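The sequence and the structure are shown below.

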Amino acid sequence: MTITATWSTLDTPIGPFTAVVADDGAVLASGWTSELDALLPLVHPSLRPSALTPATELGAVGETITRYHDGDLSAVDEVRVRQRSGEFLEHAWEVLRAVPAGNPVTYTEYAAKAGRPAAVRAAASACARNAAALFVPCHRVLRSDGSLGGFRWGLEVKHWLLAHESPTR
């Protein structure tokens, strides 16, 4: 299967945000970086684009990124995402998309929501291996003590996102 995609970097209040979008509009990878090379290795080999073109804009996906950062927190909910892995990780990413803005969960709660309450490390792995940050909101998962834990794009970005999504902002 031949996959072609475009990519672009947008300015956001917390720095550059780059997205790789398949020609059918599905996000293949995204994150708070201006480096395309930081994103492409995150894409499953079966989904890596054979042709990748820089774009000045990303259409509906780019508009959604701007709307989210401007305060429309649910804007990202309807954007299609395409990721591949094992059955549990794919399911866990879908579960993560259902965690609402402003209501972060712990890794333990996330594992339970994904149907495997004892699989806390696997739930953490789903966050770590997530290629589509923002659209699959792994920033909404915290340690059991409420601390931030890790985040590929930095703890300052994770803190900003959680504060941005807080109902008391």
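## Side-chain interactions and the setting of helix H2

Asp-24 and Arg-80 form a salt bridge in which the closest N and O atoms are 3.8 Å apart. Asp-24 belongs to the loop between strand E2 (15-22) and strand E3 (27-31), while Arg-80 belongs to the loop between helix H2 (60-69) and helix H3 (87-97), so the pair ties together parts that are 56 residues apart in sequence. The model is a predicted one. Asp-24 is partly exposed, with a relative accessibility of 38%, and Arg-80 is likewise partly exposed, at 43%.

The salt bridges number four in total.

| Salt bridge | Closest N and O atoms |
|---|---|
| Asp-24 and Arg-80 | 3.8 Å |
| Arg-67 and Asp-72 | 2.9 Å |
| Arg-140 and Glu-165 | 2.9 Å |

In the pair of Arg-67 and Asp-72, Arg-67 is partly exposed at a relative accessible area of 40%, and Asp-72 is partly exposed at 28% relative accessibility. The salt bridge of Arg-140 with Glu-165 has its closest N and O atoms 2.9 Å apart. This pair links distant parts of the chain, with Arg-140 in the loop between helix H5 (120-128) and strand E6 (141-142) and Glu-165 in helix H6 (residues 155-165), 25 residues apart. Arg-140 and Glu-165 are both buried. Salt bridges with shared partners also join Asp-24, Arg-80 and Arg-82 into one network.

### Aromatic contacts

The model contains three aromatic pairs. In one of them, the ring centres of Phe-17 and Phe-135 are 6.4 Å apart and the planes meet at 70 degrees, so the pair is edge-to-face. It connects distant parts of the chain: Phe-17 lies in strand E2 and Phe-135 in the loop between H5 and E6, 118 residues apart. Phe-17 is buried at 0% relative accessibility, and Phe-135 is buried at 1%.

Another pair is formed by Trp-32 and Phe-151, whose ring centres are 6.1 Å apart with planes at 50 degrees, so this pair is tilted. Trp-32 is located in the loop between E3 and helix H1 (36-39) and Phe-151 in the loop between E6 and H6, so the pair ties together parts that are 119 residues apart in sequence. Trp-32 and Phe-151 are buried. Through ring pairs, Phe-17, Trp-32, Phe-135 and Phe-151 are linked into a cluster.

An aromatic ring also takes part in a contact with a charge: the charged end of Arg-116 sits over the ring of Phe-88, 4.5 Å from its centre.

### Burial along helix H2

Which residues of H2 are buried? They are Val-61, Gly-62, Thr-64, Ile-65, Tyr-68 and His-69. Viewed down the axis of H2, the buried residues fall within an arc of 160 degrees, so they line one face of the helix. Ala-60 and Glu-63, on the other side of H2, are exposed. The buried residues of H2 are covered by elements including strand E1 (4-12), E2, E3 and H6.

Just after H2, Gly-71 adopts a positive phi of about 120 degrees.

Notes: Residues are numbered from 1 along each chain as its sequence is written. This is a predicted model: local features need pLDDT of at least 70, side-chain atom pairs count only at pLDDT 80 or more; totals for chains, interfaces and linings use all residues. Side-chain values use heavy atoms; hydrogens and water are left out. Helices (H or I, at least four residues) and strands (E, at least two) are DSSP runs, numbered from the N terminus. Buried means under 20% relative accessible area, exposed over 50%, partly exposed in between (1.4 Å probe, protein chains only). Rings of Phe, Tyr and Trp (its six-membered ring) pair if their centres lie within 6.5 Å; planes under 30 degrees apart count as stacked, over 60 as edge-to-face and the rest as tilted. A charge sits over a ring if NZ of Lys or CZ of Arg is within 6 Å of the ring centre and within 35 degrees of the ring normal. The arc is that of the directions from the helix axis to the C-beta atoms. Contact means heavy atoms within 4.5 Å.
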